[in-house]
Amino acid sequence: MPKPRSIRSELPHIFRNIYRISLALILVASALAITDAKFTTKPDLLSQLKLEVARDPNNPTLHLALAREAIRINNYEVARAELEIALSLDPKNTDFKKELENVKLSEAQVNKVRGEIGKWEKIVTQYPDFRDGWFILSTLYFQTYQDDKAKEALDTVFLIDPNFAPAKEFLTTINKGVN
């Protein structure tokens, strides 16, 4: 299962405390995690696995392989469905159970982050000059692998405050594609 992106190590030391406070406020309402992303993926592998599952629908190992590929591209709905099928075919398999629980947890975290993104989008719409709100929204987009939207939010931060050092550092992080 892919790990959430970490940005804390890339932020300037002075800003870390402000960042922690912002995250603490966000975490009161939700846990931060990755969400489904529009990655470029290996469509051949995904398509091939779907074809193999269609040819042999009673093979739990194929359902597991498809679920793992779905996890790799952060498509937790498909992963959950495939793991549930694999588990129904092999109910005693503890690995399937563990992976299904992890996917359900990731899916719940994804839904919480989606809610946070929606909340912050409303806030910055209502208060378009709220630099820190745009910055928080940028970090949420980044954590959900929406790098283009993260850059757009940072562009707004720079329009409001061209000298905002944490945003400059964060832009470097986004451009590096830190995982």
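Colour the protein chain by secondary structure and follow it from the N terminus, where the elements run α-α-α-α-α-α-α-α, making eight helices and zero strands; helices here are DSSP runs of H or I with at least four residues, strands are runs of E with at least two, and both are numbered from the N terminus. This is a predicted model, in which local features need pLDDT of at least 70 and side-chain atom pairs count only at pLDDT 80 or more, while totals for chains, interfaces and linings use all residues. Residues are numbered from 1 along each chain as its sequence is written, and side-chain values use heavy atoms, with hydrogens and water left out.

Next, show the surface of the protein chain, whose accessible area comes to about 10,200 Å², with 54% of it belonging to carbon and sulfur atoms (Shrake-Rupley method, 1.4 Å probe). Of its 179 residues, 41% count as buried, that is, under 20% relative accessible area.

Now select residues 76-89, which form helix H4, and find Leu83 within them. Leu83 has 0% relative accessibility and therefore counts as buried. Leaving aside residues up to four places away in sequence, Leu83 touches Leu64, Ala67, Phe96, Glu99, Leu100 and Val103, where a contact means heavy atoms within 4.5 Å. Leu64 is 19 residues from Leu83 in sequence, and their C-alpha atoms are 6.0 Å apart.

Move on to helix H6 (residues 131-143), which packs with H7 at an angle of about 165 degrees, the axes being 8 Å apart; axes are lines fitted to C-alpha atoms, for helices over the stretch in contact, and angles run from 0 to 180 degrees between N-to-C directions. H6 is therefore roughly antiparallel to H7, a term for angles over 145 degrees. To see this contact, display Arg131, Trp134, Phe135, Ser138, Tyr141 and Phe142 in H6, which meet residues of H7 including Asp147, Ala150, Leu154 and Val157.

Finally, select helix H7 (residues 147-160) together with helix H8 (residues 165-176), whose axes come within 11 Å and cross at roughly 160 degrees. This crossing angle makes H7 roughly antiparallel to H8. On the H7 side, display Asp147, Ala150, Lys151, Leu154, Val157 and Phe158, which meet Ala167, Lys168, Phe170, Leu171, Ile174 and Asn175 in H8. The residues of this contact divide into eight nonpolar, one polar and three charged.

Definitions and conventions
Buried < 20%, exposed > 50% of the residue type's maximum accessible area, 1.4 Å probe, protein only. Parallel < 35°, antiparallel > 145°, perpendicular 65-115°, else oblique. Nonpolar A, V, L, I, M, F, W, Y, C, P; charged D, E, K, R; others polar.
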